[in-house]
Amino acid sequence: VFASNNESALMLCMDVGFSMSNSAPGEEPPFELAKKIIQKFVQRQVFAESKDELGLVLFGTDSTNNLLHQDGQYENISVFRELSVPDFDLLEQIQNQLQPENQQADWMDALVVCMDLLQRARTGKKYDRLNIVQLTDLNIQASSDQLDIIIQNLKSSDITLQFFLPFPAEDDEDGGGDGPRSESGHPGRGKGLSRDQKEGLDMMKHIMLSLDEDDGLDQIYTFRNAIEQLRMFKQIERRPMAWPCLLTVGSCVSIRIVGYKAVMQEKLKKTWMTVDAQTNQKEVIKRETVYCLDDDNETEVQVTETIQGFRYGSDIVPFSKVDQEQMKYKHDGKCFAVLGFTKQNLVHRHQFIGNQVIKLFAAKDDEHAGVALSALIRALRELEMVAIVRYAYDRRSNPQVGAAFPCIKQHYECLMYIQLPFVEDLRQFSFPSFDNKKVTPTETQLSAVDSLIDSMMLVEEGDDGKPKDMFKVHHIPNPEFQRLFQCLHHRVVNPGTPLPPIEPWLKAVLGRPDVIGQRCQAPLEELKRVFPLTQVEKKKNLKTSAEVFGKDSGEPDGKKAKHDEEEEEEDFNLANITEGSITSVGSVDPARDFCFLVKQKSIPFGEVCQQLIQRIEQLLSNRNTEYYTKSITGIQAFREQSVKLGNADLYNNYLQSLKGSITNRQLEVFWDLLVQDGLTLISNDQVKGSAIFNAEANQFLVGVEKKEEVAPPPAEDNEDVDDLLDMM
């Protein structure tokens, strides 16, 4: 619906006459449905950043405003918006100014006004496509005197038409007359169409079949069908950008190629800026950056007297602009050089990295390049091999190593380039084996898991016997984009009101297909049956001092050893004896006290956290390394328990408050120790509901300005590399 190419011109023509406001009880008036279609289409064009021009003509208006109006002709037709690129102003005007009116106008006259506007706009400007979209209920007698002339002008001007009606066009033969109109699903149809509607529908069909004998009637839609198709915001339009280069194989073979980005992760275009809260104007806000020394007088430093520094751990390594320029990797510029070939099965899918896939074709109008590239592609396909290549976009970019796969389709053939990792990009992990002699699944249990997997397969056999994908990810819109566009539109047309809830279809867009949900019910029940769960409670038997210390009273050595092994299995220690007397977080071992009280649940979690915070603040007031260590241990326990219980707010609020007071309280040494341990905020990746994003948590520990650079304790040799990166 509304398919439009770049730099096309489209006129929306909407009926706002009094008949469009009539509806049966419980039904939405055709006017409101048509207005939703106009809004949704303009939204799609705005958020797709389309350069297509769009105009809006209303007919059935109380006033008349068009260039063809004279001698009583073309009355009650008004140009609401001349052809221009749609913007937020148009969305606001449609929301606030587009209202039903009390007159009726000939929809054929409105069509002629739209044709005239397109012809005038074409003068001195070239459009790839001209299109008129008319939304009406046809409930007025239309003049057919100039019908053939109108059709001829549409053909000669190469103008395409689309019509949107409140009722389906194919069922007009049933019923008739001017009776009441009420039929579920199609407002305006009711027991039948009025005489004017039947005649108007016949004229409309005649026009569409004259313009396109085969598919003309396919361009007549219902209001509800259009709303369903337009509910999804249109994706941002991107023109293909050619990347010409030479594909080289050794020093003797070179093939002219052109690359296009076939797949690339789309980023949201967020241009946040600071504006005045009262006027919403950015011009009244001026930002000024001043560099000062972190001393008592805050001595101002000129920008020319500053230099860039690279933070590595707690050290800062200075780099001048000359150093930065010399540090860059230098190469000869853009290239696509084949380093060698390997079997496809040796390039594993989990090794694909990067955020794009590039399709490479032979250069246009170069027959020799086409033959050479085709021979290479077909040889790779037959031998089931790929080319390992060195790729550099231009002189400024760092080179990559990737794999070029052969791709042969019905209408074209090309190479597909995907980036491969360097050694620093790989992460090595070691995990315990699944082989456990104590727990071996039975055949029944294995069969139940197999059945569940089979029932949840997203690929099924189609009618033609070929595999059919039930969950086409590349057809699913990004929910983040859709939600942002929904909220932006709402804020433009309804300033100051709460944002709307997420639309139900958007919530369900990444949901499990219904057929999968139905199929997996029985296997899930079987899985619950063959894998019964029982609650296990670990009982702690508190031992008396006599039981602990009275073990050497004549017992044989073998018995003693056996007792020692049992104690190790129960994780018994002397601290368990005194745990029963802990009622608050003390100063000797605040971390242990805190963990015990949280585990006992005798005191609310928030109150235990406040006790720990007060104890940490008391320890920090001494400014001593020993107390710093106790405080950090307490903060670490605070973080671990908050993650376990899924409550991140208390911990995050305290850590943010603590960070803000570091400089005033001269706790820079303590902050260095905190940074070394990587005790940052809890992000929403760790605890759902946390207001802290992962990137914000990673940057949290690097934002404190110090009055003096204090040398931190020497780092241990086995310090994790990722922790160092987090501190940079």
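**Helix packing, cores and backbone**

Modeller: α1 passes α6 in a left-handed crossing. Keep in mind that this is a predicted model.

Biologist: At what angle do α1 and α6 pack, and how far apart are their axes?

Modeller: The angle is about 30 degrees, and the axes are 10 Å apart. Helix α1 covers residues 30–47 and helix α6 covers residues 223–230. Angles under 35 degrees count as roughly parallel, so α1 is roughly parallel to α6.

Biologist: Which residues in α1 and α6 meet?

Modeller: From α1 there are P30, L33, A34, K36, I37, K40, F41 and R44. They meet F223, R224, A226, I227, Q229 and L230 in α6. By type, the residues of this contact divide into nine nonpolar, one polar and four charged.

Biologist: OK, on to the cores. Which residues touch the most other members in the largest nonpolar core?

Modeller: V57, W107 and I132, out of 43 residues in that core. Several elements each supply at least two residues of this core, among them the strands β1 (9–15), β2 (53–59) and β3 (77–84) and the helices α4 (147–157) and α5 (195–211). The largest share, eleven residues, comes from α3.

Biologist: What does V57 touch?

Modeller: Leaving out residues up to four places away in sequence, V57 touches M11, L12, C13 and M14, then I77, S78, V79 and F80, and also V113, C114 and L117.

Biologist: And how many residues are in the second core?

Modeller: That separate core has 40 residues, including V608, Y628, F638 and Y651. In soluble globular proteins, nonpolar side chains tend to be buried together.

Biologist: Where does E298 lie, and is E298 buried or exposed?

Modeller: E298 lies in the loop between β9 (291–292) and β10 (300–301). Its relative accessibility is 55%, so E298 counts as exposed.

Biologist: What about Q666, what's its phi?

Modeller: Phi of Q666 is near 55 degrees, also positive, and Q666 is a residue other than glycine. Q666 is in the loop between α20 (649–660) and α21 (668–676).

Biologist: How does Q666 count for accessibility?

Modeller: Q666 has 48% relative accessibility, so Q666 counts as partly exposed.

Notes: Residues numbered from 1 in each chain as written. Predicted model: local features only at pLDDT ≥ 70, side-chain atom pairs only at ≥ 80, totals over all residues. Heavy atoms only, no water. Axes fitted to C-alpha atoms, helices over the stretch in contact; angles between N-to-C directions. Helix = DSSP H or I, 4+ residues; strand = E, 2+ residues; numbered from the N terminus. Parallel < 35°, antiparallel > 145°, perpendicular 65-115°, else oblique. Left-handed = near helix turned anticlockwise from the far one by under 90°. Contact = heavy atoms within 4.5 Å. Nonpolar A, V, L, I, M, F, W, Y, C, P; charged D, E, K, R; others polar. Core = buried A, V, L, I, M, F, W, Y, C linked by side-chain atoms within 4.5 Å. Buried < 20%, exposed > 50% of the residue type's maximum accessible area, 1.4 Å probe, protein only.
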